Amino acid sequence: MSLLSVMRRRVNGEYETDPWGLDPELYAFAMGLGRVRWDIGIDGVERIPAEGPALLVVQRHIGVSEQAIVSAAITEHTHRRPRNAGVPGLWFAEPALRRLGAALAHPDEISGLLRDGHIVTLALSPAFREERPGSVEAKLVAPAVPIGAPVIPVATHGQEWGRRWRVMIGKPLPMPVLRGHLGAVELAEGVRDAVHDIHRQLREES
């Protein structure tokens, strides 16, 4: 698959997208470039469900590489295509990013993707210091609860522009006993802490 042939089919309108805007051929081409660009090791990939929904919460520091790194690793090892929630709602950027698997970080969109059986990645807010984890809004993890989608902490370790990365997938969090907003807050705080613990473990092992 060459870049020229991929782009020619898009100029000619000879391509299809799924209901959420993903272009499977363009996505596969981008993942091929990712395998050339990055050398990614992954631990805990067996915790990713073979089918059905899952919400993965990923740590983020300065930059936006972590979700792309996690998606590339999961696609290579499971052949599933995660949807990265966090596309900016800008008219000139959203369609192109959706074709590569991006989605809005909005409760309704996350809920719809999970109900359709997709893996969704959601990044913590940026953490500018290693010892201070970012956070995730409770309303963004709340859609996983009524659907019963596992909420899974994920951490990465590498340099923003480096080649070698390591991805570690943690154990799914237990669903909160409380329902409603308080349960969502409990889940958001729990997954944030779990992501931070995994990231700290990765740093210590590196």
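Author: Ala142 sits in the loop that runs between helix H6 (138-141) and helix H7 (144-147). Bear in mind that this is a predicted model.

Reader: OK, and is Ala142 buried, exposed or partly exposed?

Author: Its relative accessibility is 26%, so Ala142 counts as partly exposed. The cut-off for buried is under 20%, and for exposed over 50%.

Reader: How far is Ala142 from Pro107 in space?

Author: The C-alpha to C-alpha separation is 7.7 Å, while in sequence Ala142 and Pro107 are 35 residues apart.

Reader: Switching to helix H8. What span does it have, and what's expected?

Author: H8 covers residues 180-205, 26 residues in total. From first C-alpha to last it reaches 38 Å, close to the expected 38 Å at 1.5 Å a residue.

Reader: Which H8 residues are buried?

Author: Among them are Gly183, Ala184, Leu187, Ala188, Val191, Ala194 and Val195. Further along, the buried ones include His196, Ile198, His199 and Leu202. As background, an α-helix has 3.6 residues a turn, so residues three or four places apart point the same way.

Reader: And what covers the buried residues of H8?

Author: The cover includes H6 and H7, plus strands E2 (54-58), E6 (151-158) and E7 (164-169).

Reader: New topic, pockets. How much space is in the largest pocket?

Author: About 560 Å³. Its lining has 21 residues, and Ala68, Asn84, Leu97, Leu100 and Ala102 lie nearest the centre. Helix H2 (24-37), helix H3 (65-78) and strand E3 (83-85) are the elements giving two or more residues to that lining.

Reader: How does the lining split by class?

Author: There are 13 nonpolar residues, seven polar and one charged.

Terms used: Residues are numbered from 1 along each chain as its sequence is written. This is a predicted model: local features need pLDDT of at least 70, side-chain atom pairs count only at pLDDT 80 or more; totals for chains, interfaces and linings use all residues. Side-chain values use heavy atoms; hydrogens and water are left out. Helices (H or I, at least four residues) and strands (E, at least two) are DSSP runs, numbered from the N terminus. Buried means under 20% relative accessible area, exposed over 50%, partly exposed in between (1.4 Å probe, protein chains only). The expected span of a helix is 1.5 Å times one less than its number of residues. Contact means heavy atoms within 4.5 Å. On a 1 Å grid over the protein atoms alone, a cavity is a set of points where a 1.4 Å probe fits but cannot get out, and a pocket is an open set with protein on both sides within 12 Å along at least five of seven lines; lining residues have an atom within 4 Å of a point. Grid points are joined across faces, edges and corners, and a volume is the space filled by probe spheres set on the points. Ala, Val, Leu, Ile, Met, Phe, Trp, Tyr, Cys and Pro count as nonpolar, Asp, Glu, Lys and Arg as charged, and the others, Gly among them, as polar.
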